[in-house]
Amino acid sequence: MTATYTAETLGNPSGGIKRRAVGAALLQGDLDVNLDKLVGWQGGKIHATAFHIQGRQLTSNFIGGLIPVSSVEAAPSTRLFSLWFEQSVLDDRASLRFGQIPMQEEFFTSTYAAYMVNSAFGWPAIYAANMPSGGGGYPLANMGTRLKVKPTEEISLMAAVFSGNVAPGTNVGNDAQKRNRSGTDFSFDSPPVWFGEAAYSINQDKDSPGLPATFKLGGWYYNGRTADQHFDNTGLSLGSGASSGVARNLRGNWAVYGIVDHMLWKREGTVDSGVGAFFRTTYMPDDRNQMSYWLDTGLTLKGTFEGRDDDITGISFAYGKMSDELASRDADARRFGTATAPDHDFESVVEIMYSYAVTPWWSVTGFGQYLFHPGGTTTLPENTSKTIPDASVLGLRTSFKL
């Protein structure tokens, strides 16, 4: 059993909807049960993760962006995150996992991106914006089954099926976190989403002659219905005054993605100290998604100075392109005189961070971010004649491993 407590204070000194400073915190508890040691069940394992989330959400309340500026930002709650059983066979070359499984811990992952503070470098905003109830990203997780096979030391293959909607239904603000506030709905009442991913990793050992690298190619398909971003159920533009206001239903949704994690320089005699680079990108169809293209990339350095082997610094960039069909609806609305807002175009963020390891169990992280076009270029809630201005964010985070 382990626990981690992360607390942070952050604010937007410029831009966004309102300038404000907030505090937030996450207490995470993890339980791992080795059934081989406990009852002699070879290859069996049970895992559970629970959260206690505190504080206010800077992004949704005061910035208005689609990309949460913090990886711990969420609605205050005490909730179950994951609960699964895994059976491994063939000397751990194959494993089957089922239960409540976070998609973001299985697919579209990057070792180096995980060092960053902004949530863009975990579960990407394109999936959170387009998948039902935000998909299986923090703090939500879907019921599902995942199969992983390692035919060689370098190659791993994964396939999974999840319930397609972790929090079915509607509520005020359409907030999935509040519809499934405890994380214990265990819903199967939705069409499934199917994932697949292949990974190729080289030079992963400490004494490998080359630099470590991992390459991933994957995708997913959602079996349910999705809403057209441009046209209504009668074929008229949703931007027209004559529109029914009910989006046309389209069958299914899908994404393809690619990831590269590559160490560019490794400190001699270490496994992960040195300069690492990451690049992740994904595409989704324009007609049924408000954001259709995503990429994030960055550089990290672990072991920043002599004697600071566990310090980490990084610089990163994420970009999400809004759908062309959504922009066409915006243009139609201006042409028909039903709205004056400009076309949605993109949202992006730049981050720099430094994590100082005070002790093996305590770290302090300072970070700065700049967000371009919050909401993908959208208007202020109280003044629809003006778009939300670009925002800067400064913050300080501390983490304790208990």
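**Close-up views of a predicted model**

**View 1. Lining of the second largest pocket.** Strand E8 contributes four residues to the lining of the second largest pocket, the most of any element. The model is predicted: local features need pLDDT of at least 70 and side-chain atom pairs pLDDT 80 or more, while totals for chains, interfaces and linings use all residues. Residues are numbered from 1 along each chain as its sequence is written, and side-chain values use heavy atoms, without hydrogens and water. The pocket (an open set of points on a 1 Å grid where a 1.4 Å probe fits, with protein on both sides within 12 Å along at least five of seven lines; lining residues have an atom within 4 Å of a point) has a volume of about 530 Å³. Elements giving two or more residues to this lining are E5, helix H3 (103-106), E6, E7, strand E8 (192-202) and E9. Of the 27 lining residues, Lys-148, Lys-150, Glu-153, Ser-156 and Ser-201 lie nearest the pocket centre. The lining comprises 14 charged, eight polar and five nonpolar residues.

**View 2. Phe-215 in strand E9.** Phe-215 belongs to strand E9 (residues 213-232). Its relative accessible area is 33%, so Phe-215 is partly exposed (between the limits of under 20% for buried and over 50% for exposed, with a 1.4 Å probe and protein chains only).

**View 3. Asp-189 in a loop.** Asp-189 sits in the loop between helix H5 (176-179) and E8. Asp-189 counts as exposed because its relative accessibility is 67%. Tyr-354 is 165 residues from Asp-189 along the chain, and their C-alpha atoms are separated by 43 Å.

Methods: Grid points are joined across faces, edges and corners, and a volume is the space filled by probe spheres set on the points. Ala, Val, Leu, Ile, Met, Phe, Trp, Tyr, Cys and Pro count as nonpolar, Asp, Glu, Lys and Arg as charged, and the others, Gly among them, as polar.
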